[in-house]
Amino acid sequence: MSIDLQSLEKIPQHVALIMDGNGRWAQERGLSRIEGHQEGAQSVRAVLRAAAQVGVEYITVYAFSTENWKRPPKEVDGLMKLLVSSLNAYEQELHDNNIRLQIMGQFKRLPLPVRMRLQKTMDATAHYTDHTFIIALSYGSRTEIADAAKAIAEKVKAGEMKTKDIDEQSIADHLYLPGVPDPELMIRTSGELRLSNFLLWQLSYSEFYITDTYWPDFREEQFFQALEAFNDRDRRYGGVKKK
Ligand code: IPE
Ligand code: IPE
Ligand code: MG
């Protein structure tokens, strides 16, 4: 079934994705987990291309959580290497499609060569304004919110801010990427019904789309299906349904 893209009335400005199921995808084929991650990297590329095609401005992908450091060192190392090789292979597409790269998470916790490679592409794409591609790396939402609380407390202590001025906006302004609009749509692959510490604050009013498809099988067509489902949602924000 192919999707009539013209029929999509609403295109979300920001779509966030929990890319899950690489390991199970590989296991079903008798492949190694890292081969599953490699195939998953192709899906990132496909989703970026599809998002650019329909005009989604921001794509955030959950690539590595603070909890993922618990995985065997061989897998962690493989994921870091894959990140670098993917950047080498696909950087040109960021330039071709006017896509800026940003990272959210504990940047300093990443191995130095990875940081340097990421920084190079971030600098080289910083001037693009059409699309933003955000990779959540060593990212955990509770840490992000705790860090925001710390930064605000320091400002209050220094007399730069008043306690009474702490509100939703000022907390949002102290998260990792202030100024990025909240995702309207959150997609999780592989059927798990949980957030796994992803964007707890930013997803407060987002629509959730959970598919059983494993991440390596999630390509353009599946992304458009998610957009189609989003178009059928009735977003009320606590109000009353419009007639
Ligand atoms: C998602 O796939 C990728 C990362 C979390 C890095 P998984 O590696 O979690 O795959 P499953 O959940 O074991 O199938
Ligand atoms: C969530 O997937 C993190 C990423 C996709 C990077 P996990 O596979 O780590 O999540 P859990 O363990 O199923 O909650
Ligand atoms: Mg998983």
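## Basis

Local features of this predicted model need pLDDT of at least 70, side-chain atom pairs count only at pLDDT 80 or more, and totals for chains, interfaces and linings use all residues. Residues are numbered from 1 along each chain as its sequence is written, ligands are numbered from 1 in the order in which they are written, and side-chain values use heavy atoms, without hydrogens and water.

## The shell around ligand 1

Ligand 1 is surrounded by residues that include Met-19, Asp-20, His-37, Ala-63, Asn-68 and Leu-79; a residue is near a molecule if one of its heavy atoms lies within 4 Å of it. The shell divides into 3 nonpolar, 5 polar and 4 charged residues, where Gly counts as polar and Asp, Glu, Lys and Arg count as charged.

Helix 1 (22-28) and helix 2 (33-54) each supply at least two shell residues. Helix 1 gives the largest share, 3 residues. Helices are DSSP runs (H or I, at least four residues) and so are strands (E, at least two).

## Polar contacts

Oxygen atoms of ligand 1 take part in polar contacts (pairs of N or O atoms within 3.5 Å). A polar side-chain atom of Arg-71 is 2.7 Å from such an oxygen, and one of Arg-33 is 2.8 Å from an oxygen. With Asn-22, a polar backbone atom lies 3.2 Å from an oxygen of the ligand.

## Residues with positive phi

Most residues other than glycine have a negative phi. Ser-138, in strand 4 (residues 131-139), has a positive phi of about 45°. Ser-138 is buried, at 0% relative accessible area; buried means under 20%, with a 1.4 Å probe and protein chains only.

Asn-197 has a positive phi of about 65° and lies in the loop between strand 5 (185-188) and strand 6 (207-210). Asn-197 counts as buried at 15% relative accessibility.

Notes:
A polar contact is a pair of N or O atoms within 3.5 Å; within protein, one must be able to donate a hydrogen and the other to accept it, and residues adjacent in sequence count only if both atoms are side-chain atoms. Buried means under 20% relative accessible area, exposed over 50%, partly exposed in between (1.4 Å probe, protein chains only).
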